[in-house]
Amino acid sequence: MRHFFFLLIILLPQIFIAQNKSITGVIKDSLGVPLPSANIMASPTQKERALKFSIADADGRYKLVLENNTSYTISVSYMGFDDENFIFRAEDNTSVRDFILKRNNEQLQEIIIKYDVKPIVVKKDTIVYNVDSFTNGSERKLKEQLKKLPGVEVDRDGNVTLQGKRVTTFLVENDPFFGGGSKLGVENIPADAVDKVEFIDHFNEVAFLKEVSGSQQLALNIKLKKDKKNFLFGDIEGASGVPDFYKLHSGLFYYGGQTTASYIGNLNNIGDSTLDFADIIRFSGGSTFLDQNNATEDLFAFASDNRNVVRGKSQFSAANFTHRFTPKSTLSAYVIGSRVVNEIKNTAEITYFQNEFSTIENRLNQLDSDKNFFLGRLKFNHKASNNEQWSYDANFKLTDRNFDDRLTSKTPSQFNEFVTLSNFKDVYLNQFVEWHKSYSDTKTTTLVVSQKYEDRNSAVDWQTNQPFLTNFLPLLENDSYDVNQLKRIKNNSINALFKFYWIVSDFSHLYFVAGNTFIDAKVTSKEKQILSDNTTNDFFNSGFGNDMNFRFNDTKSGIEYKFLFKKWTTKASLYVHHFNLFTQNNGLENQYTKNVLQPQLESEIELKKGETVTFNYRLTNEFSDFQDYTSQFQLQNYQSVFRGNPQLTEQRQNSYSLFYKKTNLLQGYVLNLALNYSKRSNAVRNELIIEGINQFTTSVQNNIPEENALFRGTITKNVYKFNVGFNSFFTTINFIQPINGERNFVTRNATNWGVVFKTADKNWPFITLKYNRSFDEFKSVTASNFHSDRFSIDYDVVLKDVLVFKAFHDYQSNYSTNSTVTSFHTTNFSIGYQPLNSAWKFELDGRNIFGNSIINSNSFSAFSTTNQTTFILPRIILLSATFKL
């Protein structure tokens, strides 16, 4: 905490507040009707002064903040109206001025802007930012620019949100960048290449489907500067540190008329991660028209933060290519290869609750991991005409992961040392064909077919000095104990959807839907003990070993009716599903069929421009993952055995959500409120039998409904030259957890609230202050409570146009049920120097400069609490040189 206040005292005095003048008023037409989103520009007559601007709100009101002792030419513009201009002189004390604009007689196909730059342009579904109006030149990558745009947030993982809505597709010059994921783009595209940033709401790659598809996608499109087109640009960076830290990075980009190409390479041992979870999900392929679950858990490890390790090395290469053969035909492809080698060390104290009894386990874990993957995508898109488009999309991936886990487990009754050797090899292929055709202005069809294949193989070997899971495993006495498991999962699935869109009138649409999902999967598993004389003890006769065939088919049809009444839009849907489920495991068969109705309602009302209320309702019937249907035992880890349940049926869930949103982009005012409630019947839970630390779980369905309620709220507002925000979050979950034959009622409550304070003037240092407090409460066999406080400061300033100083400090305190207090902090800094008009940049980069060696965390489940200490990378000091192309 002392470091936080130390930085605060040093950095804040650099902010000064000058006396400014404000002009307010209303912009109307000649009939007195307000003109929302009208632009007000104030161009200073002195060149060293900054351009000022404002955008009128839904009632035509504006506020323009001007600097003292400065004269301006103020212009007001609105689509379809003549501009109005006037001179505001430095000695003028006018504080209120209204404008009345007159309609012009020009066609509204094109707006002629008399100014070189408009900081923000707001269209119907698009917001365009001129980046130079909000940045000061200290930014190295796109991520740093986006953070300074009004209403835009970028988190640590590279996820971008606009006014609280998350970006789902990332484009550069209207083409997807590495499949459309955001992290690779925002963290690698050089800041000096960016001209404008476009946010496109309700984005759809098929233009003639935008009106009927109801897309909720938000696209981020980067417009490059003219001098970056038809030229190779990017940067190459090399860094070295004491004693043996290093980083090599390259980002090379080419955007020509018909061909675009990109290459990103990264080699480091300082914990930098190149991918995030959103990118990983996207790399597995998918269609926005299909509901499907991609098997990506094997790739999540590649997206996790590599800094919570003792040692780590990351190698990453990615190439992206797009070529337009003709204006109608485009081929795009990318390949990505990665290797991550880590050494992880942590200690934990875990308390297991067995109704009225408890057991404490002290654990020391040292894990060496070597994770490799290679994936690629090929997409061909063809526009047969303005009314017809089809595409083929193929995604593949290969992964190979190896783990050497050395674990010490100590309880009051036993001491075990485990060596667990694991290997996971996976092959995955996903293919899509999409066809879209518009027959007239009122009738359009869509057909999508996908095929997915996966083959996942694992081999795990547990080696220990003492017997383990003695009441669950049929172990034979031996000098040491070696248990081996082989497992294979094969899955073929086909998913198809046909949709017919009929625009009945300007106020009502009818959509007809038909589709089918088919899954054919096979799960095999085998456990055995390897004895000292190399003979084996097969566990098959003790209920282990699965050989399951799983087939599932879901045939659906439905109708959707969408209508508009004034500013109220509603879509009511009804679907009919026919489920057919078949399992066979070691000769035992089970079959289940059922017909269900699934209604759905989406309703939105626009109270005024920038202010909406949305209500959604959905009834869904979901089936568990096919691995939950295995009927034989499977060894999960050194303390857990699992058995599925072939009798599982659908889980029925009613979900309700209510959203309120109010925004005024330029004023920095964004208010988002969300309330969600869901009730699930026939829910699947793992029934638990626990003895000490040993656990046996099996899937069961509860007849008592589970409930989940969630509230989320955020508000941000510009105050003078600052942006102030407040966020809050609350969720409560209630469910039944069977433990040792008793049904335990579980309640989990989580609360989080925080405040954010930012500077919002490009001529000031960029400073962000954050404070968050979180509370977690868990009631089951026992009650557990945790809460934490977190402070952070982010500082960024340009000195003399050639020197950039950045600093970041984060401090967190954790408080647990037994009044234990733990804390940790992280402090980073960088000093960069780039001579004017030079392609070279030099930087001194410091991470974890106070040498913090551990991170403490608390967690809990329905039957345990965990206090964990994770060892992290030490202090890192790097000197780097970057050359810009």
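Which residue lies over the face of phenylalanine 86? In this predicted model, arginine 97 lies over that face, at 3.9 Å from the ring centre. Lysine 345 is another residue of this kind, its charged end sitting over the ring of phenylalanine 871 at 4.9 Å from the centre. The table sets out these two placements.

| Charged residue | Ring | Distance to ring centre |
|---|---|---|
| Arginine 97 | Phenylalanine 86 | 3.9 Å |
| Lysine 345 | Phenylalanine 871 | 4.9 Å |

In one of them, phenylalanine 633 and phenylalanine 696, the ring centres are 5.5 Å apart and the planes stand at 80 degrees, which is over 60 degrees and so makes the pair edge-to-face. Because phenylalanine 633 belongs to strand β33 (residues 633-637) and phenylalanine 696 to strand β38 (residues 694-701), the pair ties together parts that are 63 residues apart in sequence. Both phenylalanine 633 and phenylalanine 696 are buried. Elsewhere, ring pairs link Phe170, Phe177, Phe233, Phe253 and Tyr255 into a cluster.

Turning to the strands, six of them form an open sheet with mixed pairing, in the order β8-β9-β15-β16-β13-β14. Since β8 (120-122) and β14 (175-176) stand at the edges and each has a single partner strand, one side of each is left without a neighbour in the sheet. The pairing of β8 with strand β9 (residues 126-130) is antiparallel and runs over three bridges, and valine 122 has isoleucine 127 in β9 as its bridge partner.

Definitions and conventions:
Residues numbered from 1 in each chain as written. Predicted model: local features only at pLDDT ≥ 70, side-chain atom pairs only at ≥ 80, totals over all residues. Heavy atoms only, no water. Pairing = 2+ DSSP bridges. Helix = DSSP H or I, 4+ residues; strand = E, 2+ residues; numbered from the N terminus. Phe/Tyr/Trp six-rings, centres within 6.5 Å; stacked < 30°, edge-to-face > 60°. Buried < 20%, exposed > 50% of the residue type's maximum accessible area, 1.4 Å probe, protein only. Lys NZ or Arg CZ within 6 Å of the ring centre and 35° of its normal.
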